[in-house]
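Work through these exercises with the model open beside you. Try each task before you read its solution.

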Amino acid sequence: MRKFNGKIALVAGASSGIGAATALALAAEGATVAIAARRLRRLDDLARRIRDAGGEALTIEADISDEAQATAMVRRVLERYGQLDMLFNVAGVGVAAPFQNTTTREYREMVDINILGVLYAINAALPAMKRQGSGHIVIVSSGTGRYIHPSVVYSGTKHAVSAMAESLRREIGKDGIRITVIEPGAVRTEFTANMRDDVRLAVEHRLGDMEQLESEDIAAAMLYAVSQPPRVNVNILTLYPTQQA
Ligand SMILES: NC(=O)c1ccc[n+]([C@@H]2O[C@H](COP(=O)([O-])OP(=O)(O)OC[C@H]3O[C@@H](n4cnc5c(N)ncnc54)[C@H](OP(=O)(O)O)[C@@H]3O)[C@@H](O)[C@H]2O)c1
């Protein structure tokens, strides 16, 4: 008997990195996984891997910074499966740069995806979780969401979701709904590669040849959190590479 047989999970931001690893890990433990992001081809490839391994996956093309798309993403899962047990808010973007080297367009993108995108998905999922009397929401924040960090706006968006998660925990726990925040340090994904060239080079220089975390390390932490008995709410898990200063 695998841990999540009969459970339905939605991973928002599953087309690469931490989200993809999380979807694979959930499916390996028997969960049916809905995988969402903007890059449908990547999702199709991931769904094929999940199905080839005997799992079930539903792909959903969605830009979570758009309220209608984020809402439709959750609705699609509920229409297809009639329940939503776990919502993983993994999607995020970052320009890890000082305030004066971040454009207003970049601020908006980070706020729209890292804060509003997370809130839209939670807003859409909560009524169903309340009806069920159970549910687990996981948010991938960041180590920069807990400690003051020079990447001002990115760090600010992650502080925002970490803070809101703790308030929300106090609001929804009585309904049997749990919420967990994951705060990773540097993880080896496409995240840095997607940054503007000058920012990417600065981040790569800062990280040097330090051994970073792998996406699977973060997925394992999330699976730990959602595997606990219903009475246990794992609030925050912070994971750093051993060598990260
Ligand atoms: N890597 C690190 O060092 C690190 C450290 C701390 C925290 N984090 C956090 O970890 C999370 C995952 O990042 P990662 O490292 O796995 O990087 P990644 O490989 O770049 O993954 C980011 C994911 O977010 C999705 N995404 C971005 N914008 C989206 C949107 N508007 N709508 C839907 N999906 C969207 C991307 O898919 P599409 O582009 O296909 O939409 C992709 O699946 C992020 O929240 C990030 O802030 C990363």
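**Exercise 1.** Are helix 1 and helix 7 oblique or roughly parallel to each other?

*Background.* This is a predicted model, where local features need pLDDT of at least 70, side-chain atom pairs count only at pLDDT 80 or more, and totals for chains, interfaces and linings use all residues. Residues are numbered from 1 along each chain as its sequence is written, and side-chain values use heavy atoms, with hydrogens and water left out.

*Solution.*
Step 1. Find the helices. They are DSSP runs (H or I, at least four residues), numbered from the N terminus. Helix 7 covers residues 215-226.
Step 2. Take the angle. Helix 1 and helix 7 pack at about 55 degrees, and their axes lie 8 Å apart. Axes are lines fitted to C-alpha atoms over the stretch in contact, and angles run from 0 to 180 degrees between N-to-C directions.
Step 3. Classify. Under 35 degrees is roughly parallel, over 145 roughly antiparallel, 65 to 115 roughly perpendicular, and the rest oblique. Helix 1 and helix 7 are therefore oblique to each other.

**Exercise 2.** Which residues of helix 1 and helix 7 meet?

*Solution.*
Step 1. Apply the contact rule: heavy atoms within 4.5 Å.
Step 2. List helix 1: Gly17, Ile18, Ala21, Thr22, Ala25 and Leu26. They meet Ser215, Glu216, Ile218, Ala219, Met222 and Leu223 in helix 7.
Step 3. Sort by class. This contact of helix 1 with helix 7 has eight nonpolar, three polar and one charged residues. Ala, Val, Leu, Ile, Met, Phe, Trp, Tyr, Cys and Pro count as nonpolar, Asp, Glu, Lys and Arg as charged, and the others, Gly among them, as polar.

**Exercise 3.** At what angle do helix 1 and helix 2 pack?

*Solution.*
Step 1. Helix 1 spans residues 17-28, and helix 2 spans residues 40-52.
Step 2. The angle is about 20 degrees, with the axes 10 Å apart. That makes helix 1 roughly parallel to helix 2.
Step 3. Ala20, Ala23, Leu24 and Ala27 in helix 1 meet Leu46, Arg49 and Ile50 in helix 2. The classes are six nonpolar, no polar and one charged.

**Exercise 4.** How far apart are the axes of helix 4 and helix 5?

*Solution.*
Step 1. Locate helix 4 at residues 104-132 and helix 5 at residues 152-172.
Step 2. Their axes are 8 Å apart, at an angle of about 15 degrees. Helix 4 and helix 5 are therefore roughly parallel to each other.

**Exercise 5.** Which residues come nearest to the ligand?

*Solution.*
Step 1. Count a residue as near if one of its heavy atoms lies within 4 Å.
Step 2. Of the 30 residues around the ligand, Ser15, Arg38, Arg39, Tyr154 and Thr189 come nearest.
Step 3. Look at Arg38. An N or O atom in the Arg38 side chain is 2.7 Å from an oxygen atom of the ligand.

Key: Helix = DSSP H or I, 4+ residues; strand = E, 2+ residues; numbered from the N terminus. Polar contact = N/O pair within 3.5 Å; in protein donor to acceptor, adjacent residues only side chain to side chain.
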